[in-house]
Amino acid sequence: YFRFIVGLSLLFTFTVSWILFSTVSIQKKVVYSVIIIFLLGFLLQLAGHGYYGIELIKKYNLSNINGLSPVIQSSLGNPLEFAKSFAGAFIQNVLGPFPWQVTKTRQAPALLEAFPWLLLFILSLIGIVVSFKESYKTVIPLVLFSCLTIGVMALFFTNFGVIARIRIPAVISLLCLVPLSLGALKYIKPV
């Protein structure tokens, strides 16, 4: 039910990336940006979810503090504690579940996904670092999309079953950077 988070992250990533990396003049960029931001809201409205999905957000009560994960809720009064809680939840959503979080035998197969993903995540990070200097316009949208998707999940979800399903698009976008960590950058020619 929460897959709309991926769509909203993708829309936001597209808008920000277009604004940052478009080659049109600044005046046209401002006008086009306003038009794009206005029109993108109608995509979700045409699907029956209200302008920019406002009805969908109301339905799942995500605008209410009670919709936040318990760890995040408990740290809202202190900005430093909130940042610490959010960073911990973000890392758990990216790399988890960790072995110490598996409490039932039916959860053990999740570790079969977690261990290879840890290796691929490290290769993705290397790919980001290696390729950022030469092709940052390609890397930033992938990383922004992944961070937005996983960041929203860090705020709202604690169930690793839900997290594992929703993070798949974010993982796939980061996996695109793995070949760059293995020296494939010399074969990619910028257009």
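## Helix 6 against helix 8

Helix 6 and helix 8 sit oblique to each other (angles under 35 degrees count as roughly parallel, over 145 as roughly antiparallel, 65 to 115 as roughly perpendicular and the rest as oblique). They pack at an angle of about 60°, with axes 7 Å apart; axes here are lines fitted to C-alpha atoms, for helices over the stretch in contact, and angles run from 0 to 180 degrees between N-to-C directions.

On the helix 6 side, the contact (heavy atoms within 4.5 Å) involves residues including Trp-117, Phe-121, Leu-142, Phe-145 and Ile-150. Helix 8 brings in Pro-169, Ala-170, Val-171, Ser-173, Leu-174 and Leu-175. Sorted by class, that makes 13 nonpolar, four polar and no charged residues (Ala, Val, Leu, Ile, Met, Phe, Trp, Tyr, Cys and Pro count as nonpolar, Asp, Glu, Lys and Arg as charged, and the others, Gly among them, as polar).

## What you're looking at

This is a predicted model, where local features need pLDDT of at least 70, side-chain atom pairs count only at pLDDT 80 or more, and totals for chains, interfaces and linings use all residues. Residues are numbered from 1 along each chain as its sequence is written, and side-chain values use heavy atoms, with hydrogens and water left out.

The chain has nine helices and zero strands, taken from DSSP runs (H or I, at least four residues, for helices; E, at least two, for strands) and numbered from the N terminus. Of its 191 residues, 34% are buried, meaning under 20% relative accessible area with a 1.4 Å probe, protein chains only. Among contacts with a separation of 6 or more, 61% link residues 24 or more positions apart.

## The buried side of helix 8

Helix 8 covers residues 168-175, and its buried residues are Ala-170, Val-171, Ser-173 and Leu-174. They span an arc of only 160° around the axis, so they end up on the same side of helix 8; the arc is that of the directions from the helix axis to the C-beta atoms. Their cover includes helix 6 (109-156) and helix 9 (178-181).

Ser-33 belongs to helix 2 (residues 26-46) and counts as buried because its relative accessibility is 9%. A polar atom of its side chain lies 2.5 Å from the backbone oxygen of Lys-29. Leaving aside neighbours within four places in sequence, Ser-33 touches Trp-18 and Ile-19.

Over in the loop between helix 5 (79-95) and helix 6 sits Pro-97. A cis peptide bond joins Gly-96 to Pro-97, with omega about 0°. Most peptide bonds are trans.

Technical notes. Buried < 20%, exposed > 50% of the residue type's maximum accessible area, 1.4 Å probe, protein only. Polar contact = N/O pair within 3.5 Å; in protein donor to acceptor, adjacent residues only side chain to side chain.
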